[in-house]
Amino acid sequence: MIVTQALAIKESGPKETVERFGEVYAFSPSFVAVRREQPTLFVFMNLQPDDMHDFALLGEKGQVLTDLELPPLKKTQYVLTFHRAGVFEFACLRHMPAMAGQVLVREH
Ligand SMILES: [Cu+2]
């Protein structure tokens, strides 16, 4: 199982952090590794109360392979199975390139 948080801190973030850095938009972690052909549960938590996020898997040419909605203050779960080994880029299409990362798909 992989837990990723669509981290976006505003009202909920530490005041000093928000003041110093502004809003933080990021996936945490932004890098995960899975095995090819192994169904893997991805758990997303959008911690922000007022912003929609999404999880888009991108192909080699940047094309969107799939785009999953991550509503505010919701835990969203998807089982994903990767059939090809390699590195897949992912991003929140609304907040890329700040919200982006990679999935490494390993052979068995
Ligand atoms: Cu986003």
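Visitor: What is the geometry of the copper ion's site, given its 4 donor atoms?

Guide: The model is a predicted one. Four donors count as tetrahedral if all angles lie between 85 and 135 degrees. The angles among the 4 donor atoms of the copper ion run from 88 to 136°, so the site is classed as irregular.

Visitor: Which residues coordinate the copper ion, and at what distances?

Guide: Along the chain, the donors follow the spacing H-x38-C-x2-H-x3-M. The atoms involved are ND1 of His-53, SG of Cys-92, ND1 of His-95 and SD of Met-99, and they lie at 2.0 to 2.6 Å.

Visitor: How many residues apart are His-53 and Met-99, which link distant parts of the chain?

Guide: Both residues are donors to the copper ion. His-53 belongs to strand S5, whereas Met-99 sits in the loop between S8 and S9; the separation is 46 residues.

Visitor: Are His-53 and Met-99 buried or exposed?

Guide: Buried means under 20% relative accessible area. His-53 has a relative accessible area of 0%, and Met-99 likewise has 0%. By that cut-off, His-53 is buried and Met-99 is buried.

Visitor: What is the length of the polar contact that joins the side chains of His-53 and His-95?

Guide: His-53 is placed in strand S5, and His-95 is found in the loop between S8 and S9. His-95 counts as buried, at 17% relative accessibility. The polar contact between the two side chains is 3.1 Å.

Visitor: In what order do the 5 strands of the open sheet lie?

Guide: The edge strands are S3 (31-35) and S6 (64-70), each of which pairs on one side only. The twist from one strand to the next averages 25°. The pairing is mixed, and the order is S3-S9-S8-S5-S6.

Visitor: How many bridges join S8 to S5, and over how many does S8 pair with S9?

Guide: Strands of a sheet pair through backbone hydrogen bonds, either parallel or antiparallel. S5 and S8 (residues 86-91) run antiparallel, and Ala-56 has Ala-91 in S8 as its bridge partner. S8 and S9 (residues 100-106) also pair in the antiparallel sense, with Leu-104 in S9 as the bridge partner of Val-87.

Visitor: Are Phe-42, Phe-44 and Phe-55 buried or exposed?

Guide: Phe-42 has 1% relative accessibility, Phe-44 has 0%, and Phe-55 has a relative accessible area of 1%. Each value is under the 20% cut-off, so Phe-42, Phe-44 and Phe-55 are buried.

Visitor: Which residues form one aromatic cluster?

Guide: Phe-42 and Phe-55, paired in the tilted manner, are among them. The cluster is made up of Phe-27, Phe-42, Phe-44, Phe-55, Phe-82, Phe-88 and Phe-90.

Visitor: Which backbone oxygen does the side chain of Asn-46 reach, and at what distance?

Guide: Asn-46 lies in strand S4 and counts as buried, at 2% relative accessibility. Its C-alpha atom is separated by 6.7 Å from that of Lys-75, 29 residues apart along the chain. The backbone oxygen reached by the side chain of Asn-46 is that of Leu-70, at 2.9 Å.

Methods:
Residues numbered from 1 in each chain as written. Predicted model: local features only at pLDDT ≥ 70, side-chain atom pairs only at ≥ 80, totals over all residues. Heavy atoms only, no water. Buried < 20%, exposed > 50% of the residue type's maximum accessible area, 1.4 Å probe, protein only. Phe/Tyr/Trp six-rings, centres within 6.5 Å; stacked < 30°, edge-to-face > 60°. Pairing = 2+ DSSP bridges. Helix = DSSP H or I, 4+ residues; strand = E, 2+ residues; numbered from the N terminus. Donors = N, O, S within 2.8 Å, 3.2 Å for Na, K, Ca; no water. Tetrahedral: all angles 85-135°; square planar, octahedral: opposite > 155°, others 65-115°. Axes fitted to C-alpha atoms, helices over the stretch in contact; angles between N-to-C directions. Polar contact = N/O pair within 3.5 Å; in protein donor to acceptor, adjacent residues only side chain to side chain.
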